[in-house]
Amino acid sequence: MPAEPAPVSIEVTPYGDGIVLVGVAGELDVETAPELRGRLADQIRAGRPHLLLDLSAVPFMDSSGINALLKAHEEAGLAGGSLCLVSPAPVVRRVLDLTGVSLTIASVDGLEAALAHVGEETSRQ
């Protein structure tokens, strides 16, 4: 009998003005990354292209998770928005640094810093 995939919890909280906080809890891997990717794409299609992605409760992320982040970053940018990672767990932050993703996608500590980052992004447009 195959093992059940580890569950991932995704909580979406709209902040108005096209901004949404997406909290993720659980591992981001080949089994769970497609769900995250779909949920982020749904937010962009719903007119919320500024994605704040809280990764503080993600203990593990593989290349599928990285791919989901990069795709969301690209799609948000095309929609006039942005992706900002909020408080990635230390292990995840290390993966982002080692792969160079942290050079492409903004990462900040805390929701207030993420909201300030979105404010800076929108003022440049």
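Asp-17 counts as exposed, at 78% relative accessibility; here exposed means over 50% relative accessible area, buried under 20% and partly exposed in between (1.4 Å probe, protein chains only). This is a predicted model, in which local features need pLDDT of at least 70 and side-chain atom pairs count only at pLDDT 80 or more, while totals for chains, interfaces and linings use all residues. Residues are numbered from 1 along each chain as its sequence is written, and side-chain values use heavy atoms, leaving out hydrogens and water.

Helices (H or I, at least four residues) and strands (E, at least two) are DSSP runs, numbered from the N terminus. Most residues other than glycine have a negative phi. Asp-17 is not a glycine, yet its phi is positive, about 50°. Ser-87, also not a glycine, has a positive phi of about 45°.

**The nonpolar cores**

Now for the inside of the model. In soluble globular proteins, nonpolar side chains tend to be buried together. A nonpolar core is a set of buried Ala, Val, Leu, Ile, Met, Phe, Trp, Tyr and Cys residues joined through side-chain atoms within 4.5 Å. The largest one here has 25 residues, and Val-24, Leu-53 and Leu-55 have the most contacts inside it. Two or more residues come from each of β2 (19-25), α1 (33-45), β3 (50-57), α2 (63-78), β4 (82-86) and α3 (90-99). Of these, α2 gives the most, with four residues.

Contact means heavy atoms within 4.5 Å. Not counting residues up to four places away in sequence, Leu-53 touches several residues, including Val-22, Val-24, Leu-36, Leu-40 and Leu-69. Apart from this core lies another, of eight residues, among them Ile-19, Cys-84, Val-108 and Val-118.

**Ser-102 and its neighbours**

Our last stop is Ser-102, in helix α4 (residues 101-104). This serine is partly exposed, at 29% relative accessibility. Which residues does Ser-102 touch, not counting residues up to four places away in sequence? They are Leu-96 and Asp-97. With the side chain of Asp-97, the side chain of Ser-102 makes a polar contact (2.8 Å). Such a contact is a pair of N or O atoms within 3.5 Å; within protein, one must be able to donate a hydrogen and the other to accept it, and residues adjacent in sequence count only if both atoms are side-chain atoms.
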